[in-house]
Each structure stands twice: as structure tokens, then as C-alpha cells.
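The sequence and structure are shown below.

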Amino acid sequence: MLERSTPEAEGLSSEAVLGWLEEVKKLDSLHSFQLLRHRRVVAEGWWQPYNPETPHALFSLSKSFTSLAIGFARAEGKLRLSDRLIDYFPDLLPETLDPRFRSLELRHLLMMATGHRECALEAMCRAGDGNWAAGFFRTGLAYEPGSRFCYNSAATYMLSAVLQRAVGVGLVAYLGPRLLDPLGIRSRAWERCPRGIETGGWGYALTTCEIGRFAQLLLDGGRWEGRQLVPADYLAEATSRRIANDGTLDWGQGYGYQFWRSQHGAFRGDGAFGQFALVLPEQDAALAITAGLHNLQNVLNLVWERLLPAFGPAPLPPNPGAVARLERATAELALPLAGGEFRRGCDGRYQLAANPLGFRTAEFVFEPDGCRLALNGEFLRAGFGHRCDNRIRWEASEPRPAAASAGWTGASTLELEISFYSTPFNVRLVCEFDRDRLSLRRRSNLLFRSPEWPELIGWRSPETASAPER
């Protein structure tokens with residue numbers, strides 16, 4: 001695994017890292033980072049309740065792992081990048097097929113040049129029988145494959161489907177002995193489509209340290225602990241500019257095979273809201289980030305402005321005072337707790353008006369150091385002045401880790417701050433009590449494929465209407 005060192009020993013001042021850290025703390029917000037130089041970790045930190053042990057959703061950073069799976073399969077003679085996509089799915093082609101599909105090659109999927117005008121994911125997933133691959137061939141193409149860049153998560157799903165047909169197993173099973181196990185990445189599930197195929201373009205999760213090891217592998221040209229894991233020729237292709245794109249700054253430097261080119265000779269795996277494996281070959285450095293950002297360019301700008309000029313060619317004189325300040329600063333990182341007054345309220349159970357989320361009841365139980373809120377009988381505990389750890393489902397398909405704190409921000413207003421710390425998502429629940437009436441509103445830091453909750457309205461159940469304040 002990776003050794004730890006000080007910034008100064010690796011040619012970078014702790015003061016520069018502290019300056020970068022103070023600036024990124026102003027963003028909305030980072031969840032973790034790990035900075036590597038010369039194959040050593042020189043700084044790392046987690047904003048509580050985010051932590052080193054809990055895997056964080058990668059979103060489209062997952063795509064880079066799918067790319068490497070294709071690279072392994074090519075090296076083993078299981079497929080070629082010049083293979084036509086339709087040849088893997090002759091049983092799924094519609095009677096009327098856009099003729100341009102006949103020239104769509106695997107390399108076009110890798111470089112996001114399928115010929116679509118826009119991402120085909122939504123149209124692909126509309127297949128009533130859950131057969132996304134068949135749905136992909138029913139979408140329309142606007143251009144010749146290979147001619148234009150169009151970011152397209154459906155293309156990465158099709159790569160995952162191709163891999164399963166080519167090698168007989170899915171992404172996690174295939175990558176396990178070739179990539180995940182050697183890097184010390186723990187086995188965990190990848191989100192799947194209704195037909196059981198891993199989504200490829202999203203749906204995987206890693207810890208920050210696992211992202212850091214992946215970034216170091218990329219920086220070292222696919223080598224890990226003296227062994228060439230990733231075929232070097234494929235990785236060089238995948239991380240170079242294979243097609244131009246029309247974005248700006250770090251989204252306008254070109255695209256490889258499920259990797260983005262960056263400014264200053266860098267490249268990256270990149271996921272929604274700021275999940276990064278950023279590789280800086282000229283500086284022999286790498287940076288892993290998990291985040292919940294609205295503007296991804298902001299954090300990259302701070303790398304270029306604050307860290308890039310600070311990388312030196314030789315070790316710097318030791319600076320134990322600055323190292324200690326950096327260690328204190330990273331140890332104290334935390335998302336804000338709920339503010340307001342910490343006091344008990346009145347226990348109560350409320351019948352909720354009909355709502356599209358299917359919540360029927362809300363129940364509050366107050367304790368000396370916090371409160372519990374149950375929706376449909378599933379309790380979440382929130383601390384006054386501290387976080388309580390939970391696993392809750394609520395409207396999600398699976399239970400998720402959730403750390404919650406609470407406070408009274410008004411005479412009748414209770415607010416809960418909830419961090420779903422395996423994801424970028426943090427929410428504030430605003431609970432307004434007006435005699436026997438309850439209003440519950442959710443405010444999310446980010447929204448992804450689902451709207452904000454509607455306001456939930458409820459009335460105190462008769463059996464708790466006269467419950468005393470405790």
C-alpha cells in the first residue's frame with residue numbers, strides 16, 4: 001500500500017497545502033481528499049461525518065473502471081476496439097435500425113462519439129421490459145459514429161454489456177483479480193440494470209484511499225508494486241486525447257477512453273458533484289477527491305492556482321510546525337452541525353396527508369440530548385450539538401448511512417441536518433409545529449434524477465394530542 005510522508009519531504013510546503021485547504025473549505029463542499037506525491041500520501045482529510053472507512057458514490061468516475069475492463073479484455077484477445085457494436089447483439093436489433101449503427105465501433109463508445117446528439121440514457125432506459133441494450137438500438141443517431149463528442153452514459157452501459165457477452169462475467173467479477181484485488185479494493189456491488197448487467201457509467205463506490213491508489217496506478221502507467229497491472233499501451237491510449245470536445249477550461253481539453261484531459265498536462269477520472277481521480281504526470285502527483293459540489297471547475301481551479309506552483313523538484317527543509325498545523329487542520333474538518341437552541345419538545349405522532357412519497361405517519365420522540373423522527377415507523381435519531389449515526393431507507397431503495405444533528409431555530413421550528421455520508425447528498429429537514437399541525441420540508445444540497453420532496457403536512461393523532469412536553 002502507499003506510504004505516508006510530509007509535504008516538505010516530497011518537495012511541497014505544508015503552508016501551500018494549508019492555503020489550498022483554507023480555500024476549498026469555502027466551497028459547497030468537499031467531503032474528503034488525499035494528496036499524493038512521489039508515490040507517498042502527503043496530506044489527507046475527511047469532513048466529518050465522512051470518514052476513511054465508508055465508500056463514497058463515484059457517479060461517472062465509475063466510467064474509468066469500465067474503460068480499464070475493456071483494456072484488459074482487449075489484451076486477452078476477448079475483443080477489439082474496432083469491433084462493431086451490433087455484432088455483439090444480433091438478437092436485440094430492431095427491424096428498423098438506423099444504418100449508422102452499422103459503423104459504430106467499441107472505440108466510439110469509449111470516446112463518447114456514438115453519433116448521438118444528446119445522452120441516450122433516458123431513452124435507453126425507457127424499454128418497458130428492462131432491456132436497456134435493446135433500447136439503445138432504438139435511439140436515433142444524428143451523426144456518423146466517431147465524428148463528434150457527446151457525453152453519453154448510455155455508451156458506457158453498452159461497454160459493460162459488451163464485456164459481459166465477451167468474457168462471460170460482469171465488471172466486478174472480471175476486474176477483481178486483474179485490478180481490484182491487487183489494489184486492495186474491497187469487493188462490493190456495482191449498481192445493475194433490470195437485466196442484471198452492471199451499469200458501467202455510474203453506480204460504483206470506493207473509499208478515498210481506494211481512489212487514491214487508483215490514481216497512483218494511473219500515474220505510474222498501470223504499474224503497481226512492481227507489476228504491470230493495466231496494459232501500458234491501452235492506458236496510454238485511454239488517457240490521451242482521442243477526440244476534441246467543445247467545453248471550456250478543464251471540460252474543453254479533449255476526451256480519451258472514459259477519461260478527461262485536463263489543463264497543465266493532467267488527466268482525470270471524473271464523477272458528478274466532484275468525485276475525482278486527478279493525475280498530474282509532470283508533477284509526479286495525484287489527488288483523490290470526494291465532494292458535493294455544484295461547480296466542479298472551482299475545485300480544479302484551486303489545484304492549479306494553489307498547489308501546482310508549489311510542487312518543487314527537490315525536498316524542502318523540514319518544517320515540523322507547519323506539518324503540525326496541517327495535521328490539526330485536517331483532523332478538525334467537519335460539516336456544520338444543526339444550529340439553534342438545544343431543548344426538548346413535545347412528543348407526538350402525526351397522520352400525514354396523501355403524498356407521492358407514500359409517507360403516512362411522522363412521529364417525534366424527544367430525549368435529553370436529541371430527538372427521534374420516524375417516517376412510516378422508521379426512526380432517525382438526531383443529536384443536539386452532536387451527530388447520531390443511523391441507517392435509514394425512507395424513500396431510497398436501500399438503507400443508507402445517515403448522520404444527523406438537530407436544533408430549534410425558532411419557538412416552533414425544529415431543523416435536522418442529515419448527511420447521507422456514502423453519497424454527496426446532505427439534507428435539511430425543517431419541521432414546523434403549529435398547535436396540532438405539522439409541516440415538514442426537505443431542502444437538499446444537491447438533486448440528482450429526483451425532485452425535491454413536496455411539503456409534508458400532518459395532524460397530531462388524537463392519542464398524542466394532549467401529550468405533555470417532556
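This is a predicted model: local features need pLDDT of at least 70, side-chain atom pairs count only at pLDDT 80 or more; totals for chains, interfaces and linings use all residues.

Beyond its neighbours within four places in sequence, K25 contacts W47 and L333.

| Pair | Atoms compared | Distance |
|---|---|---|
| K25 and E22 | side chains, polar contact | 3.1 Å |
| K25 and A334 | C-alpha to C-alpha | 9.8 Å |
| N295 and Q297 | side-chain oxygen to backbone nitrogen | within 2.9 Å |

In sequence, K25 and A334 are 309 residues apart.

Helix 10 (residues 296-307) has twelve residues and should span 16 Å at 1.5 Å a residue; its end C-alpha atoms are 17 Å apart, so the two values agree. Buried positions in helix 10 are L296, Q297, V299, L300, L302, V303, W304 and L307. These buried residues pack against helix 1, strand 2, strand 9 (267-271), strand 10 (275-280) and strand 11 (285-291).

In soluble globular proteins, nonpolar side chains tend to be buried together. Here the largest nonpolar core contains 80 residues, and F65, L85, F89, F136, M158 and L179 have the most contacts inside it. Helix 6 (residues 153-167) supplies the largest share of this core, eight residues. A second, separate core of 38 residues includes W20, L280, L333 and Y421. Not counting residues up to four places away in sequence, F65 touches L58, L175, L179, L180, I185, W190, L206 and F214.

Methods: Residues are numbered from 1 along each chain as its sequence is written. Side-chain values use heavy atoms; hydrogens and water are left out. A nonpolar core is a set of buried Ala, Val, Leu, Ile, Met, Phe, Trp, Tyr and Cys residues joined through side-chain atoms within 4.5 Å. Buried means under 20% relative accessible area, exposed over 50%, partly exposed in between (1.4 Å probe, protein chains only). Helices (H or I, at least four residues) and strands (E, at least two) are DSSP runs, numbered from the N terminus. Contact means heavy atoms within 4.5 Å. A polar contact is a pair of N or O atoms within 3.5 Å; within protein, one must be able to donate a hydrogen and the other to accept it, and residues adjacent in sequence count only if both atoms are side-chain atoms. The expected span of a helix is 1.5 Å times one less than its number of residues.
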